[in-house]
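Morning, everyone. Please have a look at the model on the screen, and then I'll talk you through it.

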Amino acid sequence: MKPNYRYIYSDILKKKFPHKMNDCEKLLTKSSLNFFDIIKLNDIIFGTPKCSNYDFNQKRRSYRKVDILKILDYQKKIN
């Protein structure tokens with residue numbers, strides 16, 4: 001079962017960050033959110049994470065197969 005990120009982020013925006021709703025609207029109206037969309041939404045809403053928190057979270061992150069393939073494809077494009 002996959003979390004409904006659209007609902008989660010919409011709820012956070014409505015309750016805590018209504019002034020950021022316009023910045024996130026384009027991403028939230030997409031038919032499906034991928035890994036990069038979720039990261040971008042998180043950065044827009046909460047800002048860039050502090051280095052120590054970021055390192056801690058990166059060690060415990062898990063990815064779906066489709067997200068790993070998109071990350072690898074993206075790396076091929078930029079290299």
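**Rings, core and charges**

At 8% relative accessibility, Tyr9 counts as buried. Buried means under 20% relative accessible area, exposed means over 50%, and partly exposed lies in between, with a 1.4 Å probe and protein chains only.

Some ground rules. This is a predicted model, where local features need pLDDT of at least 70, side-chain atom pairs count only at pLDDT 80 or more, and totals for chains, interfaces and linings use all residues. Residues are numbered from 1 along each chain as its sequence is written, and side-chain values use heavy atoms, with hydrogens and water left out.

What does the largest nonpolar core contain? It has 10 residues: Tyr9, Leu13, Phe17, Cys24, Leu27, Leu28, Leu33, Ile38, Leu41 and Ile45. A nonpolar core is a set of buried Ala, Val, Leu, Ile, Met, Phe, Trp, Tyr and Cys residues, joined through side-chain atoms within 4.5 Å. At least two residues of this core come from each of α1 (5-16), α2 (21-28) and α3 (35-46). Helices here are DSSP runs of H or I with at least four residues, numbered from the N terminus. In soluble globular proteins, nonpolar side chains tend to be buried together.

Pick out Cys24. Leaving aside residues up to four places away in sequence, Cys24 touches Leu13, Leu41, Ile44 and Ile45. Contact means heavy atoms within 4.5 Å.

Now the rings. How many aromatic pairs does a search of the whole structure find? Four. The rings of Tyr5 and Tyr9 are stacked, because their centres are 6.5 Å apart and their planes are at 25°. Here is the rule: rings of Phe, Tyr and Trp (its six-membered ring) pair if their centres lie within 6.5 Å; planes under 30 degrees apart count as stacked, over 60 as edge-to-face, and the rest as tilted. Tyr5 and Tyr9 are four residues apart in helix α1, so about one helical turn separates them. Tyr5 is partly exposed, at 28% relative accessible area.

Next, Phe35 and Phe36. This pair is edge-to-face, with 5.4 Å centre to centre and 70° between the planes. Phe35 is buried at 16%, and Phe36 is partly exposed at 33%. Ring pairs also bring in Tyr74, giving a cluster of Phe35, Phe36 and Tyr74.

On to charges. The structure holds three salt bridges. A salt bridge is a side-chain nitrogen of Lys or Arg within 4 Å of a carboxyl oxygen of Asp or Glu.

- Asp11 and Lys15 meet at 3.7 Å, N to O. They sit four residues apart in helix α1, so about one helical turn lies between them. Lys15 is exposed at 64%.
- Asp37 pairs with Lys30, with the closest N and O atoms 2.8 Å apart. Is Asp37 buried or exposed? Buried, at 8% relative accessibility. Lys30 is partly exposed at 33%.
- Asp73 pairs with Lys77, and their closest N and O atoms are 3.7 Å apart. These two are four residues apart in helix α5, so again about one helical turn.

Last stop, the surface. Tyr63, Ile68, Leu69 and Leu72 make a nonpolar patch of about 340 Å². Leu69 lies in helix α5 (residues 65-78). Patch residues have over 30% relative accessible area and no salt bridge; like charges are joined within 9 Å, and nonpolar side chains (Val, Leu, Ile, Met, Phe, Trp, Tyr) within 5 Å.

That's my tour. Thank you.

How values were computed. Areas by Shrake-Rupley, 256 points an atom, 1.4 Å probe, with all protein chains shown as cover.
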